[in-house]
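Subject: Model for your files

Hello,

Here is the structure I promised to pass on. My notes follow below it.

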Amino acid sequence: MPNFSVAAIICIVFLFGCSLSETPTEMKGLSWLEGEWTSQKPGSDMITREIWKAEGNKLVGKGLVLQNADTTFTESLKLEVVDGTLCYVANVAHNDGPVIFKLTKNEKENWTFENPTHDFPKSIQYIRTEGGFETVVSDGERKFKLNFKKE
């Protein structure tokens with residue numbers, strides 16, 4: 001009987017370890033993003049929101065822009081592994097389909113996703129800050145920043 005118990009424990013540890021390894025390190029580093037976030041420039045009536053939640057081995061999100069309480073822009077977002085690379089996938093109504101931005105920079109508090117063939121943006125950067133994050137969206141010439149705080 002003791003041999004069966006040891007074998008069962010080894011199998012459980014092995015299976016648990018395999019399930020943890022399915023989530024890439026880069027994704028684990030972004031788990032703090034889960035939740036609801038808001039960005040609003042002082043004196044502006046425009047509010048940008050991002051809502052993220054974990055679904056299996058990916059983060060699924062939604063981006064919204066509100067002006068005077070009216071929704072003026074929405075997008076579906078995902079952070080997921082595509083062909084072995086962590087990607088930021090944005091689906092916006094005016095595009096033919098999802099646009100994939102591949103992770104090109106991964107530092108402790110800074111992640112950059114790029115798609116050099118896309119018109120705008122070509123780069124989306126998430127920089128973790130105390131109490132929130134900053135997003136820098138650019139194409140090399142045009143750029144804007146948003147500072148998000150958790151709701």
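Two strands count as paired if DSSP finds at least two bridges between them, and strands themselves are DSSP runs (E, at least two residues) numbered from the N terminus. This is a predicted model, in which local features need pLDDT of at least 70 and side-chain atom pairs count only at pLDDT 80 or more, while totals for chains, interfaces and linings use all residues. Residues are numbered from 1 along each chain as its sequence is written, and side-chain values use heavy atoms, with hydrogens and water left out.

Barrel. Ten strands form a closed barrel in the order β1-β2-β3-β4-β5-β6-β7-β8-β9-β10, with antiparallel pairing. Within it, β2 (residues 46-55) and β3 (residues 58-67) are antiparallel partners over ten bridges. Alanine 54 has leucine 59 in β3 as its bridge partner.

Leaving aside residues up to four places away in sequence, leucine 30 touches Leu59, Leu79, Leu86, Trp111 and Phe113 (heavy atoms within 4.5 Å).

Regards

Notes
Helices (H or I, at least four residues) and strands (E, at least two) are DSSP runs, numbered from the N terminus.
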